[in-house]
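Please look through the structure shown here together with its sequence. The paragraphs after it take up selected features.

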Amino acid sequence: MTLLDQLKTLPKLQKLHLGWYFQPPFPQLDLLTEFARITGSVPLSLEWSLPEDVRAAFTVAQATGCGIGVTSQPYQGMGKQTLPASSWGDVFRADLSNFEVRLACLAPVKDLVTHVTFDVEQWHVSTDPKSIAAKYQALIDTMAKYLPRAQAIWYAKGEVTLNGGSPTGWKSTDYVPESFTGLDSCGLYFSEHGVNQEIFRRSGGLDELTVPFVPMGGCYHRAGSSWGKFSAPGMPTENLWLMGLELNNQHPSVAGNVERFPLSRAPLVYLYHETATDAWLPDFVTYCLGAANQQAAKAAA
Amino acid sequence: MSVLSDLQGITDPLQKRFFSAPILNAEGHANGDEIILATSDFRALFQQYLRLSRGIPFSLNDGVQASLDIMTGLATGLDCQVGLTCSPYRTMEANSRAADYWGADFNTDYDALVSRINTVSGWLTGQTVGMILVDIEGWRTSVDDVAAMKAKHKVVYDLLVAAWPTAAIVFYGAHSVQYYSGTDTIFGNNEYYDSSELLTYASVRMYEPAELYLIQQLFQKTVKLAIDKRKSTYIVPIVSLGWNVKRGFDQYPPSIIGTELSDPIGHEFYNPENSYQLGYMLFNPTATAAPNRFLLNSKIPFVYSYPGAWDQYVATPGSPWHTHFIRMCQGAHRLLE
């Protein structure tokens with residue numbers, strides 16, 4: 001069965017699923033159309049997608065009625081020079097200018113972009129909450145000029161996650177600004193479902209304002225006396241299937257029991273699929289079948 | 001590498017004693033331990049196991065003297081203690097007697113227990129009995145009558161303490177916080193058993209090494225219940241050795257956790273890294289440095305395990321027993337870091 005055939009068998013997910021952009025080559029239109037039908041969105045990268053990718057996204061979005069989800073990795077110049085958030089000099093202005101230029105390139109699809117996910121994982125060079133908030137606000141203000149419908153999602157701005165080196169076992173998020181525009185997020189990147197549920201709880205997920213990131217084709221596994229690096233394979237099949245079911249809220253037992261099934265409170269989901277290879281696809285199939293409460297996932301495993 | 005060489009490759013014993021259920025599970029054989037121990041290959045393996053665990057497994061109900069003699073002989077010079085396992089109310093269980101029943105079936109069980117205590121204590125002259133696991137899991141036909149149930153347990157407790165006053169008495173299945181898929185939280189809460197002298201050593205079942213985080217949660221919830229509320233002093237982890245419980249498709253819902261893999265060979269099994277990490281958490285003294293991060297290691301005096309079928313798995317390289325036990329020992333000493 002081809003990749004396209006497999007995608008055609010999958011039901012549409014119940015909630016909106018944004019996704020990591022497809023690394024080159026951008027998928028063919030029929031493939032992208034199926035992906036958009038299932039997830040409800042076409043993924044683009046502000047920094048890496050090419051003009052033809054934007055045109056393809058427009059075509060698919062028009063054909064399917066889906067929106068477009070953009071992912072951006074801002075302040076790369078500041079990150080490379082490890083400049084603190086309190087820096088407002090030339091590098092900052094260049095980064096913001098670059099951000100604005102790229103936003104302008106999205107003019108053909110500006111009314112179709114529903115979300116911009118700001119990946120600030122590589123820009124953790126400052127623990128000054130006020131300065132960080134100001135930098136983030138600069139992005140929000142600029143985005144609003146070019147993408148009037150888009151809602152911001154913040155990725156890794158100070159995520160709740162495990163940290164084996166701390167006394168509590170959890171990473172400190174004291175430096176994170178208390179609140180600003182947009183949705184928060186958390187990474188459900190661990191091989192154990194109970195860990196992912198706890199991360200979501202601790203990230204304020206029960207308030208329905210936290211977007212969980214679900215990995216496809218890799219995750220953190222236990223190694224030695226702690227956790228290893230993010231690597232293949234993905235989560236155990238049962239856990240990924242369960243995550244699909246719980247996140248998409250498709251069983252009465254899930255919907256009626258937030259304490260036991262906290263992931264059901266996710267407003268939408270972000271799929272982190274490493275698209276350089278097809279390794280993400282089996283996990284995507286399992287996840288989608290779990291979301292539909294289809295036992296066939298067992299056979300697919 | 002063979003199982004034997006793997007075992008020999010671990011220099012130091014586990015930092016705490018590692019007792020286990022008896023070997024007598026050779027299917028259909030009342031004296032299965034004797035049969036298994038009759039082979040020289042297994043005896044060589046078992047001696048290494050005794051060196052590392054420092055616990056001699058023996059059934060108070062069914063063990064035979066011949067196998068005990070073999071095991072104690074293999075343990076010569078190894079600083080071992082005997083760990084007894086006892087199922088005191090088999091007749092009551094078979095006839096589904098309630099906790100407040102004191103009739104003929106109770107008398108049958110009582111007499112059998114007294115008889116076996118007298119017999120086995122005679123065999124164990126010169127041996128130290130470190131712990132006795134009282135398995136009452138199968139006999140929980142009434143959890144409403146707490147007083148009657150406690151009285152039944154007290155009968156057993158008094159007999160055992162009289163025979164082996166220094167042994168730790170662990171009631172298995174009396175009060176462990178356990179997964180229970182029927183609750184909102186997935187954690188059952190066996191609160192029916194209140195504080196008493198019977199619970200100096202509380203137990204907690206840890207059969208889910210597929211997800212260590214859940215084991216940590218179980219342990220911490222048991223600590224709150226047993227130590228903080230019931231004033232138990234110690235927590236004894238009951239771990240699986242060669243099988244585990246994992247999440248499954250078919251059991252969701254209503255059961256979130258899944259099926260016990262009682263025959264694990266051929267099945268996808270837990271990540272060996274989990275066994276390694278479990279060994280670190282349970283045995284290594286440095287794991288106490290961050291009590292919120294790891295198990296409350298200092299409250300664990302020793303560990304007890306259900307090994308599955310010894311004869312099928314112990315001597316098989318790559319079998320779940322092999323994988324789990326070796327990795328657990330390696331993790332206890334952090335040998336792979």
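This is a predicted model: local features need pLDDT of at least 70, side-chain atom pairs count only at pLDDT 80 or more; totals for chains, interfaces and linings use all residues.

Residues are numbered from 1 along each chain as its sequence is written, chains are lettered from A and ligands numbered from 1 in the order in which they are written, and side-chain values use heavy atoms, with hydrogens and water left out. Helices (H or I, at least four residues) and strands (E, at least two) are DSSP runs, numbered from the N terminus.

In chain A, helix H2 (residues 29-39) packs with helix H3 (residues 51-64) at an angle of about 50 degrees, and their axes are 10 Å apart. Axes here are lines fitted to C-alpha atoms, for helices over the stretch in contact, and angles run from 0 to 180 degrees between N-to-C directions. H2(A) and H3(A) are therefore oblique to each other; angles under 35 degrees count as roughly parallel, over 145 as roughly antiparallel, 65 to 115 as roughly perpendicular and the rest as oblique. The crossing of H2(A) and H3(A) is right-handed, a term used if the near helix is turned clockwise from the far one by less than a right angle, with left-handed for anticlockwise. From H2(A), Leu29(A), Leu32(A), Thr33(A) and Ala36(A) meet Ala56(A), Thr59(A), Val60(A) and Thr64(A) of H3(A). Five of the residues in this contact of H2(A) with H3(A) are nonpolar, three are polar and none is charged. Ala, Val, Leu, Ile, Met, Phe, Trp, Tyr, Cys and Pro count as nonpolar, Asp, Glu, Lys and Arg as charged, and the others, Gly among them, as polar.

Next come backbone features in loops of chain A. Thr82(A), in the loop between helix H4 (76-80) and helix H5 (90-104), has a positive phi near 45 degrees although it is not glycine. Thr82(A) counts as exposed at 55% relative accessibility. Glu208(A) also has a positive phi, near 65 degrees, in a residue other than glycine, and lies in the loop between helix H7 (193-202) and strand E7 (210-216). With a relative accessible area of 44%, Glu208(A) is partly exposed. Buried means under 20% relative accessible area, exposed over 50%, and partly exposed in between (1.4 Å probe, protein chains only). A cis peptide bond, with omega about 0 degrees, joins Ala232(A) and Pro233(A); Pro233(A) is found between strand E9 (226-231) and helix H8 (237-248) of chain A.

Strands of a sheet pair through backbone hydrogen bonds, either parallel or antiparallel. In chain A, four strands form an open sheet in the order E1-E10-E7-E6, with parallel pairing. Its edge strands, E1 (17-19) and E6 (184-187), each pair on one side only. From one strand to the next the twist averages 30 degrees. Two strands pair if DSSP finds at least two bridges between them; E6(A) and E7(A) have four, in the parallel sense. Ser185(A) stands opposite Val211(A) in E7(A). H8(A) packs on the sheet, touching E1, E7 and strand E10 (269-273) of chain A, and its direction makes about 155 degrees with that of E7(A). Contact means heavy atoms within 4.5 Å.

In chain B, six of the seven residues of strand E7 (residues 234-240) are buried, so this strand is largely enclosed by the rest of the structure. E7(B) pairs in the parallel sense with strand E6 (residues 201-206) of chain B over six bridges, and Val204(B) stands opposite Pro237(B). Three bridges join E7(B) to strand E8 (residues 303-306) of chain B, again running parallel; there Tyr304(B) is the bridge partner of Ile238(B).
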